[in-house]
Amino acid sequence: SPVAASPVTSSASSATAPSPSAMTISGLMSISKIPIPARIAAPSLTAASVSYTDTAADDFDPTGVTGILGQDGALVATDADTTNDLTFALTAGAASTEFVAYDRQQVGTYGTLYLNSDTGAYRFVPNVGAIQGLNANTAEVFAVSVADGAAATASTLTINITATNDA
């Protein structure tokens, strides 16, 4: 418990100061809380890789959904700032109205990647003419990103294409 400070006494012969353990400090300083802004965590985006295998036959979708066989999937992202909505993008993409479920697209050498910017769902629709002409395996790489309104993270989606000699 605090002890009241003893007064300093003085006389012609000596001066006496209170001992430090007998002193209390009152009202001489105050401590203020300084707000430190929360650190904004960038979302994370896992690089994705899918495989597309050409066949010796024409690669058409028997269900007739897209007309040709494609690859569907979803980009995987997480964000420590759970109150922020994530938005997915194709770095070199453009608006798309080709499919109702996808609002972005990017045309590549071997096909077109469609992306839903709200969910990260994607569809790769191969360019059958370009793939049928391949004699060696190749890959199509698309630059993708995710943003949470405060920070963004870039990654890639790679389509590994296994070629088949269609001759």
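Contact here means heavy atoms within 4.5 Å. With that in hand, leucine 113 touches Leu90, Arg104, Gln105, Gln106, Tyr122, Arg123, Phe124, Phe142 and Leu157, not counting residues up to four places away in sequence. The model you are looking at is predicted.

**The chain as a whole**
- From the N terminus on, the elements run β-β-β-β-β-β-β-β-β-β-β-α-β-β.
- The chain has 167 residues, and 31% of them count as buried.
- Its accessible surface comes to about 10,400 Å², with 56% of that belonging to carbon and sulfur atoms.
- Take the contacts between residues at least 6 apart in sequence: 57% of them join residues at least 24 apart.

**The antiparallel sheet around S10**
- An open sheet of 5 strands has the order S5-S11-S10-S9-S8, with antiparallel pairing.
- At its edges are strand S5 (71-74) and strand S8 (94-95), each of which pairs on one side only.
- On one flank, strand S9 (residues 104-107) is joined to S10 by 4 bridges, and the two run antiparallel.
- A hairpin through 3 residues connects S9 to S10.
- Two pairs across these strands can be picked out: arginine 104 has leucine 115 of S10 as its bridge partner, and glutamine 106 stands opposite leucine 113.

**Burial and the nonpolar core**
- S10 is mostly covered, as 5 of its 5 residues are buried.
- Both faces are covered: Gly111, Leu113 and Leu115 are buried on one side, and Thr112 and Tyr114 are buried on the other.
- The largest nonpolar core has 21 residues, of which Leu75, Leu113, Tyr122, Leu157, Ile159 and Ile161 touch the most other members.
- Elements giving two or more residues to this core are S4, S7, S10, S11, S12 and strand S13 (152-162).
- As background, nonpolar side chains tend to be buried together in soluble globular proteins.

**The mixed sheet**
- Another open sheet has 4 strands in the order S4-S13-S12-S7, and here the pairing is mixed.
- Strand S4 (48-53) and strand S7 (87-90) each have a single partner strand, so one side of each is left without a neighbour in the sheet.
- From one strand to the next, the twist averages 25°.
- S7 is joined to strand S12 (residues 138-147) by 4 bridges, and these strands run antiparallel.
- Within that pairing, leucine 90 has valine 144 of S12 as its bridge partner.

- Asparagine 116 sits in the loop between strand S10 (111-115) and strand S11 (121-126).
- Is asparagine 116 buried or exposed? Its relative accessible area is 17%, and buried means under 20%, so asparagine 116 counts as buried.
- The side chain of asparagine 116 reaches the backbone nitrogen of threonine 119 at 3.0 Å.
- Leaving aside neighbours within four places in sequence, asparagine 116 is in contact with Phe88, Ala101, Tyr102, Asp103 and Ala121.

Terms used: Residues numbered from 1 in each chain as written. Predicted model: local features only at pLDDT ≥ 70, side-chain atom pairs only at ≥ 80, totals over all residues. Heavy atoms only, no water. Buried < 20%, exposed > 50% of the residue type's maximum accessible area, 1.4 Å probe, protein only. Polar contact = N/O pair within 3.5 Å; in protein donor to acceptor, adjacent residues only side chain to side chain. Pairing = 2+ DSSP bridges. Axes fitted to C-alpha atoms, helices over the stretch in contact; angles between N-to-C directions. Areas by Shrake-Rupley, 256 points an atom, 1.4 Å probe, with all protein chains shown as cover. Core = buried A, V, L, I, M, F, W, Y, C linked by side-chain atoms within 4.5 Å.
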